[in-house]
Amino acid sequence: MKTIHDELKELQDLFKNMTPEKEEEYKARFLSIQERYTSPEDAEAINDFMMSLYKVMDEKIEEVDRLLTIQEQL
């Protein structure tokens with residue numbers, strides 16, 4: 001039986017390889033996890049997961065910003 005950490009890991013892998021086609025699957029799986037895991041410990045795990053995704057998104061945004069700056073300088 002999968003744990004919340006197993007499911008969040010799978011969700012993270014899905015996020016890292018996100019395509020428009022996979023976006024609905026991601027949303028459905030995330031909502032399913034939220035509905036099934038409701039303890040305070042689970043809520044903390046979900047919060048930690050979301051914070052890690054925000055960090056990944058921030059890093060990607062910074063990389064795009066850096067590339068745009070380089071392009072402008074050229």
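**View 1. Glu 72 in helix H3.** Glu 72 is found in helix H3, where helices are DSSP runs of H or I with at least four residues, numbered from the N terminus. This is a predicted model, in which local features need pLDDT of at least 70 and side-chain atom pairs count only at pLDDT 80 or more, whereas totals for chains, interfaces and linings use all residues. Residues are numbered from 1 along each chain as its sequence is written, and side-chain values use heavy atoms, with hydrogens and water left out. Glu 72 has a relative accessible area of 70% and is exposed; the term exposed stands for over 50% relative accessible area, buried for under 20%, and partly exposed for values in between (1.4 Å probe, protein chains only). Between the C-alpha atoms of Glu 72 and Pro 40, which are 32 residues apart along the chain, the separation is 48 Å.

**View 2. Helix H1 and its buried residues.** The end C-alpha atoms of H1 are 18 Å apart, in agreement with the 18 Å that its 13 residues should span at 1.5 Å a residue, the expected span being 1.5 Å times one less than the number of residues. Ile 4, Glu 7, Leu 8, Leu 11, Gln 12, Leu 14 and Phe 15 are the buried residues of H1. Seen down the helix axis, these buried residues fall within an arc of 160°, so they line one face of H1; the arc is taken from the directions from the helix axis to the C-beta atoms. The buried residues of H1 pack against H2 and helix H3 (40-73), with contact meaning heavy atoms within 4.5 Å.

**View 3. The aromatic pair of Phe 15 and Tyr 26.** The structure holds three aromatic pairs, a pair being rings of Phe, Tyr or Trp (its six-membered ring) with centres within 6.5 Å, and counted as stacked with planes under 30 degrees apart, edge-to-face over 60 and tilted for the rest. One of them joins Phe 15 and Tyr 26, a tilted pair at 6.0 Å centre to centre with 50° between the planes. Because Phe 15 lies in helix H1 (residues 4-16) and Tyr 26 in helix H2 (residues 20-36), this pair ties together parts that are 11 residues apart in sequence.

View 4. Tyr 26 is buried at a relative accessible area of 12%, and Phe 30 counts as buried at 13%. Ring pairs link Phe 15, Tyr 26, Phe 30 and Phe 49 into a cluster.

Methods:
Helices (H or I, at least four residues) and strands (E, at least two) are DSSP runs, numbered from the N terminus.
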